[in-house]
Amino acid sequence: MSDSKDIKGLSSQEVASRVAQGQVNRATTSDVKTTSQIIKENTLTYFNLIFAVLTILLLISGNIGISNFTFLPVVFINAILGIVQELRSRKIVSKLAIVTTPNVTVLRDGRLTTIPVEDLVLDDAIQLSAGNQISVDANVLSETVQVDESILTGEADEISKAPGDELMSGSFVVAGTCLAKVIRVGEDTYAAKLVKEAKAVDSSEQSEMIRSINAIVKWVGILIIPLALIMLYQSLFINQTGFGGAVKSMVAAVIGLIPEGLYLLTTISLVASTMRLARKQVVLHDMKSVEKLARVDVLCIDKTGTITENSMSVQDYIATAAFGKSPDAGIRLDSLIARVTNELAGDNDTMETLQAYFTKEQANGLTLKKKSLQPFKSSNKYSGVIYDGFSYLIGAPQILLGDDWSTYEEEVNHYAAQGYRVLAFGKLTSEQVEPLAAPITPYAFILISNPIRQEAPETFAYFGRQDVAIKVISGDDPVTVSHVAGKAQIKGAENYVDARTLVTDDMVKEASRTYTVFGRVTPELKRQLVLALQGDGHTVAMTGDGVNDVLALKAADCSIAMASGSDAALNASQIVLVDSNFASMPSVVAEGRRTVNNIERSASLFLIKNIFSFLLAILSIIFAITYPLKASQISLISAFMIGLPSYLLTLEANNKRISGHFMLKVLKNALPAAVAAVAAIGLLVGAAVFFQIDYNQTSTVSTFLLSIIGFMALVRLSRPLTKSKVAIITISILAFIISAALLKNIFELSHVTLDVFLLGLVFFLVGESIYRNLSTFFDFIANKGWRRFKWFRR
């Protein structure tokens with residue numbers, strides 16, 4: 001193979017030619033919706049089709065009064081709000097997407113330059129280093145690199161790739177630097193084909209909340225047509241109400257059944273959450289991660305970049321007694337360290353820090369002829385230079401010292417207890433460095449420090465208040481990490497363990513329950529710890545910025561990467577902190593909780609109307625009575641008991657951690673109010689038949705009965721009440737009353753006699769009692785009873 005110095009890459013003309021031929025790394029599909037897609041998705045819906053059919057039926061049947069079409073403004077407003085909100089979100093998120101788009105180093109016209117991955121063309125020569133995700137299929141041209149293909153193959157072993165070997169897109173480089181020739185681009189790459197196959201499966205991998213809401217919409221969609229046909233048949237052929245009356249009664253029931261705003265409000269809430277996070281320099285790769293954030297009760301973090309600043313510095317190096325007795329004692333120790341560190345690639349923060357302290361100038365005059373390099377790997381935690389008959393290595397003391405560790409343990413722990421990260425530098429009288437032929441002879445211990453982030457204590461105090469447990473998982477010495485975690489005031493920082501002692505799955509599971517700090521953790525063990533925590537029923541978030549975090553990020557329920565991290569970490573994560581500031585995490589978690597809590601409350605309000613309408617429609621069919629509410633009255637209730645408060649309450653802060661089953665909680669909240677309203681209105685209709693009360697008075701009182709019970713449920717769902725919540729509820733009630741008073745003809749509200757009013761009051765008291773007792777019963781069942789049953793568990 002050619003020497004890397006002889007490789008010039010493509011010329012500008014060759015690049016232009018390949019672009020013209022379409023041989024460029026751009027997929028034909030995109031996750032970004034076009035304007036036409038957004039408009040279609042918000043207008044051409046199943047329920048909008050039903051609304052259109054209802055409108056046509058009303059017109060055909062002669063029901064052309066304005067009051068019969070009060071549901072149409074809601075339909076148009078829903079569609080317009082959805083379109084506008086998604087367009088705004090696309091604009092904001094697209095700006096940040098530019099910042100987080102992966103770049104690649106390419107060799108063109110003999111010069112290295114950085115370009116977006118999507119601008120690569122076939123036959124480009126790209127430079128890949130540790131931490132880079134391989135974005136296209138390529139063949140190695142020069143040098144040898146270590147590659148992790150676990151994301152593609154599931155095999156955690158690192159694979160050595162020499163010149164001529166193929167690199168698969170989606171894998172990432174863990175050690176070394178090479179040049180590679182692009183052999184496939186766009187949808188022809190290995191990773192693109194996998195993604196294409198997976199997209200059909202991804203649609204089913206929805207969050208619990210979205211899955212539950214889709215289930216509600218699905219079953220309503222299934223039930224609505226047969227129920228409408230049965231009611232139409234009953235009104236026409238049993239009640240003999242005529243075609244116009246039959247259609248009007250059926251439309252009222254159907255409108256009550258349609259959750260016209262539920263799906264839209266959910267989408268708007270998620271989109272608004274995405275926008276708010278984008279303004280805080282947080283990018284979501286998928287919106288379902290908002291719910292995952294809301295459910296998180298364990299947060300796994302690394303030390304560097306989260307507890308401490310990304311910057312690190314060498315504070316000192318301590319020569320050992322062994323160096324003074326070695327054959328190299330006559331060499332200046334700092335020159336020797338400088339010679340070795342500057343032979344190695346500065347492809348990670350630690351090596352860059354060492355090279356900044358032990359400069360090339362310090363190594364001048366010291367000539368050593370290297371044979372090969374041992375690049376750093378997360379799996380072995382050391383690197384070095386191999387010479388003729390011996391090697392110099394630098395890395396984790398516990399690993400390099402092997403059986404001699406006990407001799408130096410006290411000294412190393414003394415430095416670690418002061419918060420230093422300790423590296424050992426020494427000599428191995430062998431060229432066999434992987435695995436180590438023997439323990440090294442230590443020449444020096446190098447002390448590296450990372451300053452604690454100023455905002456770290458307050459950040460971790462927030463998580464403590466929110467009942468989110470912190471697990472510090474690091475590749476560094478556990479004593480050092482424990483000391484640093486203690487300075488950041490992480491609860492339980494004194495409980496630490498050396499992860500190398502966790503040799504069985506049971507030991508990992510037990511340690512995940514017992515310890516807060518884990519040191520000397522390998523990438524695979526990070527993943528095992530995440531899985532162990534999930535096995536205990538926890539919802540786990542994982543933060544990371546390096547190649548060694550990728551396996552754990554993929555396993556976590558919610559994965560968070562720093563934008564300053566490696567390409568592999570960015571591409572493996574659901575959430576990216578653009579400013580790489582961990583202090584923004586409290587606002588990210590709070591946003592997730594606010595969104596899901598408010599959607600849960602809104603879904604409960606919508607379901608009250610849907611369950612009520614369904615039960616009342618069944619009663620109307622069974623007892624052959626005319627549906628007691630009119631379409632305009634359902635629209636009035638939907639607008640001010642559900643729509644207005646639901647939208648305003650989505651703006652409220654709500655930091656309560658999400659737990660339990662979304663659907664069960666929503667049903668628990670909605671059923672008592674729906675059953676109470678059906679009972680009260682059912683009794684009223686029975687009394688109306690008995691006392692021969694006219695239909696208009698019955699429908700008017702029924703409207704107020706349903707709305708009052710609905711507002712009671714709104715107050716209950718809004719607890720604990722705050723000034724802003726009281727204001728929202730008050731505004732909604734006043735808007736309902738004013739609309740009912742000023743627009744009574746549009747909403748078909750009639751004058752009610754004192755006798756009918758008193759009758760309605762009696763049945764309201766019955767409904768209130770039913771609602772109060774059912775709510776208490778369901779609360780008891782939720783807190784005590786149904787947890788005993790397997791199918792009720794989360």
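Colleague: How many salt bridges does the structure hold?

Modeller: The structure holds 26 salt bridges, each a side-chain nitrogen of Lys or Arg within 4 Å of a carboxyl oxygen of Asp or Glu. This is a predicted model, where local features need pLDDT of at least 70 and side-chain atom pairs count only at pLDDT 80 or more, while totals for chains, interfaces and linings use all residues. Residues are numbered from 1 along each chain as its sequence is written, and side-chain values use heavy atoms, without hydrogens and water.

Colleague: Which residue meets Lys427 in a salt bridge?

Modeller: Asp328, at 3.4 Å from N to O. Lys427 lies in strand 16 (residues 421–428) and Asp328 in the loop between helix 11 (321–324) and helix 12 (333–343), so the pair ties together parts that are 99 residues apart in sequence. Helices (H or I, at least four residues) and strands (E, at least two) are DSSP runs, numbered from the N terminus.

Colleague: Are Lys427 and Asp328 buried or exposed?

Modeller: Both Lys427 and Asp328 are buried. Buried means under 20% relative accessible area, exposed over 50%, and partly exposed in between (1.4 Å probe, protein chains only).

Colleague: Which residues are linked in a network of salt bridges?

Modeller: Arg18, Asp123 and Lys181.
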